[in-house]
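Colleague: I have a two-part task today: to look at a model and to learn how its features are read. Could you take me through it step by step?

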Amino acid sequence: MTKRLAGNVPKALSAPVSQGYSIDARKLTTRLLNASIKSGVSKGRHITILNPDARHNLAVGIVKRCSLSFAGSVGYYCCAFCDGISATIEGNSGWGLGDNLMSGSIVIRQDAGASVGASMRGGQILVWGNAGARAGISMKGGTLVIAGNSGFLTGFMMQRGRIIVMGGVGDAAGDSMYEGIVYVGGEIGSLGVDAKTESATRSEEVELRAFLKALKFRDDILPRRFKKIVSAKRLYQYDSLEPLERERLVI
Amino acid sequence: MIVSDEVSRREGWTNEVFQDLQVKAELGRYRIRGFSTFQRIAHFDDIIFIPRYISGKGVELRPADVSTETVLGTRYAKNAISISTPVYITGMSYGALSRSAKTALAKGAAKVGTATCTGDGGMLTEERKYSTTMIYQVNASRYGVTPQDMISGDAVEVVVGQGAKPATGGLLMGQKVSAIIAKKRELPPGIDQRSPTRHPDWLGPDDLGIFIEMLREVTDWRVPVQVKIPACRVKDDVKLAAKAGADGIVIDGMQAGTGASSEVVLDHSGIPTLPGIVLAREALEELGLLKKVYLVASGGIRNGIDAAKAIALGADAVAIGQAAIIALNCNRELPGITDFVREVGVPAGYCTKCHTGKCPVGITTQDPRLEKRLAIDEAAVRVASLLSSMTLEMKLITCALGKRNVHDLTVDDLSALNVEASMMAKVPMVGSGGTLLKSAGKGK
C-alpha cells in the first residue's frame, strides 16, 4: 500500500475555527444535527462537527456555499447531494462520501470507504489515504484525487470527469466507462470490460503535475509516469435496429 | 400451400417463431423492442367482482357518493401525498419520452389532482411547473439527478428495478440520445445508452436503510420515500424495503411497459402483477405494516376496473404508464399526418417501435419534426379524461358493491374465472367456493 500522506495536507484548505463555531454530534440525533448544520451554514459561518463518531448521513443535501469540518471519522453518505460545500474530514469515511456532489470541495485526511464520489457531477474530492471499491462509480463530472490506492471497479460506468489515483487500482478498473479518464500512478490490477490503457501525453503529465502540486503534493511523492484508462468505445453501439426496421424507417 | 389448420397444429412452431429465428439468424444478438410482454398470463380480466343482493346491506348508492381520495405516506413524512384518485402516472423518462409527452402528462394529471413521476432521465422544468404532485425518481443511473430537483419533489422514489425488465438496466438507443438528451444525461450523443442495474452507492438491505435515511435528511423528512420493486422475489424484497424504512412500496408486475428492452427479459423474467400485489400485501401483513406502509400496484393496468381490482387485492393506489401513453395518441393513425405502415412498418395498433425513436405520433421520440405532431394541451385534456374515466369506473364498481369508498374494496369482493387466476390472486374460483391455495394473509 502507498504510504499515508496525511501530514502533507495544506492548512489553507480549512478555514480558521475562530470564524465559526462547533457542534458536538454526541449531544444530538442525526436529524437535529443536520438541521443545526443547515441552519448554521445559512448564516455563512464555518462549523466544526465534534465527535462525529462515524455517524451516517451527516451534512447531506446542503445546496449553499459553506464551510464545514468533521473532527473525526464519518459514516455512509457524508456530504451527499451537496452543491457548493467545502468540507474537511479529519478521519475516515464510510461508503458514498460526496455522493452526487454538484460543486464544491471535500478533503478527507484518511481513508474513504466504497463508492467515494459516486455519481458526482462537479467539484473536487481529495482522499489523502486509500479508497475502497467503486471509487468514482457512475461519475458525471469533477475531479476525484486519491493519494493512496483505490479498490475494485474504480471508475465503473464513469461518464465524465477525471479520477487521479497516485497509487494503484484494483481489478476491473474503468469497467463499462463511457467517457472520462482514470489516471493511475501505480499498478493496475486488471482492466474492466471495454476499458483500455493509454500513455498520458506530455502535456497531460505537465498539467497533472501542476494540478497536484497546487494541492501541495510534494514533487518527490508524485508518480514518475501516469497510465491513463479510457473507454475503448466498443460498447457505444450495438446495432439496435433490425434490418427490417432500418429499411422501413424512412423519416 | 400451408393452410391455417396446419399452422395451428405446429404447437410452439408458429409463423412468428419462424420469423423470429430468421431475424436472429441475420442479427446475431437478442432482439430489442418496446411496449410490454406478449406472454399470455393471468391478469385482471381473469378475476371479477361479485356484488351482493339480498345478502347485502341493500343501500342504493350512486357513483357520486363514492370517495376516491387517497393519502399516501403517513409513516414518517411530514407531508403525505394527497391525491383525488388512487390512479397516478408512473415514472417514464424524458429521453424515452419527448418533452411534449412529459409536459402533457404533467398537465393532464394536474387537471384531475393526481400525481406524476419523473423517470430515469432527470426532471424537466415543465414537469415541476405543471405537476401538482410530483414524485422524484432516484434511479441506479442517476441521470440528471440534482439535490435541488429532489428537494422540489413531493415524494422520492428509489427505483430498484422495473417489472418489464427485472434485473436489467434501462436502454436508450442511440437514435434517441439527441444532443439535448445527451447533455441532460451527461453522455456522448448518439450512443446506445445502457443504464446500470444496481445503484452506485448501496447494494443490500442494510445499505438501503441508510440510503433511505439519507434521502429523508436531504428532504428534511418532509416527503414520503417509496421504493419501486419489480415483482420477482416479492415477499423478501417487500419485507426488506419496508424494514429499511420505506413509506411505501411500488410493486411493478411483469405486464409493465417499457420504451426498450430485450425480449428475453420482457417475456421471460419476473412474475405477473396479480400475484405481485397479493404477495406484497401478505409481506406487509406478516410484518404488521399493512396500511402503515402504503402499496402501489403497477404493471398492465388499463382501466378503472383493473385499478379497482388491484385495490381490492391490497393496493392503496395504482400507477399507469402505457395506458396514459395511449391516451396521448400512441398507436393512433392521424389522418393526413401519420402513415404508420410507411413510417414504422406496421399499422397503427401494432406498433412497438418505441426504441427506434421514430414514434409517428411524437411521444417516444426526440425528433422535433415528429414531436410537433403531439399537441400538448389537447393531449393533456385526453390524459385528464382518461384519468377521470378510470376514476368513474372505479366509483361505479364500488357503489355496485355497496361501498362508499374505493379503499373499502377487499379480496372478499373478488372471484376468479379460472384456476390459474384463482391460485395467483388467491381468491375463490367462481362456483367452487374456495381456492386451491390459502392466502397467508387475511386481506384488508
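Colleague: How much area do chain A and chain B bury between them, and what share of it is on carbon and sulfur atoms?

Modeller: First, a caution: this is a predicted model. Buried area is the accessible area that two parts lose on being put together, summed over both. Here chain A and chain B bury about 4,700 Å² between them, and 56% of that is on carbon and sulfur atoms. In terms of residues, 48 from chain A are in contact with 58 from chain B.

Colleague: How many salt bridges are there between chain A and chain B?

Modeller: To count one, a side-chain nitrogen of Lys or Arg has to lie within 4 Å of a carboxyl oxygen of Asp or Glu. Between chain A and chain B the count is 3. Take R142(B) and D99(A), which form a salt bridge with their closest N and O atoms 3.8 Å apart. Over all chains, the same rule gives 40 salt bridges.

Colleague: Let us turn to chain A. How many helices and strands are there in chain A?

Modeller: Chain A has 3 helices and 11 strands. Read from the N terminus, its elements run β-α-β-β-β-β-β-β-β-β-β-α-β-α. For cover, look at the buried share: 60% of the 251 residues in chain A are buried. The accessible surface of the chain is about 9,800 Å², with 52% of it belonging to carbon and sulfur atoms. Among contacts in chain A with a separation of 6 or more, 29% are between residues 24 or more positions apart.

Colleague: Which salt bridge does E204(A) form, and at what N to O distance?

Modeller: The side chain of E204(A) meets that of K228(A) in a salt bridge, at 3.1 Å from N to O. This pair links distant parts of the chain, 24 residues apart: E204(A) is in helix 2 (residues 202-214) of chain A and K228(A) is in strand 11 (residues 227-231) of chain A.

Colleague: Is E204(A) buried or exposed?

Modeller: The cut-off for buried is under 20% relative accessible area. E204(A) is buried because its value is 15%, and K228(A) counts as buried because its value is 9%. Compare K213(A) and D219(A), which form a salt bridge with closest N and O atoms 3.1 Å apart. K213(A) has 42% relative accessibility, so it counts as partly exposed; D219(A), at 47%, is also partly exposed.

Colleague: Where in chain B do R128(B) and D154(B) lie?

Modeller: R128(B) forms a salt bridge with D154(B), with the closest N and O atoms 3.1 Å apart. R128(B) is in helix 4 (residues 125-130) of chain B and D154(B) is in the loop between helix 5 (147-152) and strand 8 (155-159), so the pair ties together parts 26 residues apart in sequence. D154(B) is partly exposed, with a relative accessible area of 23%. Salt bridges can also share partners: K235(B), K239(B), E282(B), E286(B) and K426(B) are joined into one network in this way.

Colleague: Why does the span of helix 10 of chain B agree with its 15 residues?

Modeller: The expected span is 1.5 Å times one less than the number of residues. For helix 10 (residues 273-287) of chain B, the 15 residues should span 21 Å, and the end C-alpha atoms are 21 Å apart, so the two agree. Helix 15 (residues 376-400) of chain B, with 25 residues, should span 36 Å and its end C-alpha atoms are 36 Å apart.

Colleague: What covers the buried residues of helix 10 of chain B?

Modeller: Helix 10 is mostly covered, with 12 of its 15 residues buried. The cover includes strand 2 (47-49), helix 8 (234-243) and helix 16 (419-425) of chain B. Just after helix 10, G288(B) takes a positive phi of about 70 degrees. In helix 15 of chain B, the buried residues, including L387(B) and M390(B), pack against elements including strand 2, helix 3 (99-112) and helix 11 of chain B. Just after helix 15, G402(B) takes a positive phi of about 75 degrees.

Colleague: Which residues form the nonpolar patch on the surface?

Modeller: W13(B), F18(B) and L21(B) form it, with about 320 Å² of accessible area together. F18(B) is in helix 2 (residues 15-27) of chain B and is partly exposed, at 33% relative accessible area.

Conventions: Residues are numbered from 1 along each chain as its sequence is written. Chains are lettered from A and ligands numbered from 1 in the order in which they are written. This is a predicted model: local features need pLDDT of at least 70, side-chain atom pairs count only at pLDDT 80 or more; totals for chains, interfaces and linings use all residues. Side-chain values use heavy atoms; hydrogens and water are left out. Patches are made of residues with over 30% relative accessible area and no salt bridge: like charges are joined within 9 Å, nonpolar side chains (Val, Leu, Ile, Met, Phe, Trp, Tyr) within 5 Å. Accessible areas come from the Shrake-Rupley method with a 1.4 Å probe; for residues, only the protein chains shown count as cover. Helices (H or I, at least four residues) and strands (E, at least two) are DSSP runs, numbered from the N terminus. Buried means under 20% relative accessible area, exposed over 50%, partly exposed in between (1.4 Å probe, protein chains only). Contact means heavy atoms within 4.5 Å. Buried area is the accessible area (1.4 Å probe) that two parts lose on being put together, summed over both.
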